[in-house]
Number of protein chains: 2
Amino acid sequence: MELIFREARLDDLERVVELIADDAVAARRTGTYGEPHLRAFEAITASPDNELVVVESDGAVIGVMQLTFIPGISRNGASRLLVEAVRVSSELRGQGIGRLLMEHAHERGRERGCVLAQLTSDKQRPEAHRFYRSLGYEQSHEGFKLPL
Amino acid sequence: MELIFREARLDDLERVVELIADDAVAARRTGTYGEPHLRAFEAITASPDNELVVVESDGAVIGVMQLTFIPGISRNGASRLLVEAVRVSSELRGQGIGRLLMEHAHERGRERGCVLAQLTSDKQRPEAHRFYRSLGYEQSHEGFKLPL
């Protein structure tokens, strides 16, 4: 299987929303494809610090993730790579695509001068936690969320 | 005590680094004030999605935090506020300054259209976890880090 990693285009967006929603934890909160996703896509495209990345195989988008490059004073002025919304098409899970997606994330992070990758994963996703630990991630932090 | 919340200026930076380093967990990794912090400050200032905020009292900088505004497709196209590097001067802790700092963060997030605030806190900081829960944060996620 040949995989192409590239930035998402507007005509990928409906599929991207479908991928993000195809998940037990996120389904009810992703919403149906529409105006809010279009506005979010425009904001991501306009931001120099954000990339929405898709992975394509045989012309089909089979995975997605969002990368944010964040400068910071902590850790001796380290820039960080934040990875969000990592998804692989449900029928293709367990084939190592997620691992390749994350390797691509880390490569993009290094290209942008980031020395640390970070992400959070819902406590309801123990398999995802094992996956991130298997990539070398340290499960060192508690993650907090508050609706504004 | 009258508090002023404002964006950090270059002449605050040495004090900001001191505040970030004055912490059992972060001390050894913050580094001594120098070139990497200056470069990071320039990158934060140049980014439309990042703000380094200080709190000032009687002309002295007594607290700091970094805010990042992140557009995203998940959660129906929600923008998120990421809060990092929250610190209050050690001799002034326990007086509610951290709470006011976080309220200011949430206000800035709402002004920027964010509907969710998120942060992570080292598992070695149980008091910080209690603090964030007391602000209404849900401790729903595991936080992962990987050096790149």
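Tutor: Let us begin with a term: a salt bridge is a side-chain nitrogen of Lys or Arg within 4 Å of a carboxyl oxygen of Asp or Glu. A search of the whole structure finds 22 salt bridges over all chains. This is a predicted model, in which local features need pLDDT of at least 70 and side-chain atom pairs count only at pLDDT 80 or more, while totals for chains, interfaces and linings use all residues. Side-chain values use heavy atoms, without hydrogens and water.

Student: Why is the contact of Arg112(A) with Asp49(A) called a salt bridge?

Tutor: The closest N and O atoms of Arg112(A) and Asp49(A) are 3.5 Å apart, and the limit is 4 Å, so the pair qualifies. The two residues belong to distant parts of the chain, 63 residues apart: Arg112(A) is in the loop between helix H5 (97–111) and strand E5 (114–122), and Asp49(A) in the loop between helix H3 (35–46) and strand E2 (50–57), of chain A. Helices (H or I, at least four residues) and strands (E, at least two) are DSSP runs, numbered from the N terminus.

Student: What makes Asp49(A) buried or exposed?

Tutor: Buried means under 20% relative accessible area, exposed over 50%, and partly exposed in between, with a 1.4 Å probe and protein chains only. Asp49(A) has 9% and is therefore buried, whereas Arg112(A), with 33%, is partly exposed.

Student: How do you know which chains the salt bridge of Lys123(A) with Glu142(B) joins?

Tutor: Their closest N and O atoms are 2.7 Å apart. Lys123(A) lies in the loop between E5 and helix H6 (126–134) of chain A, and Glu142(B) in strand E6 (138–147) of chain B, so the pair joins two chains. Lys123(A) is partly exposed at 33%, and Glu142(B) is buried at 9%. Lys123(A), Glu142(A), Lys123(B) and Glu142(B) are linked in a network of salt bridges.

Student: What makes the relation of chain B to chain A that of a two-fold axis?

Tutor: Chain B can be laid on chain A by a turn of 180 degrees and a shift of 0.0 Å along the axis, with an RMSD of 0.0 Å. That is why the relation is that of a two-fold axis. The copies are superposed by least squares on the C-alpha atoms of residues with pLDDT of at least 70 in both.

Conventions
Residues numbered from 1 in each chain as written. Chains lettered and ligands numbered in written order.
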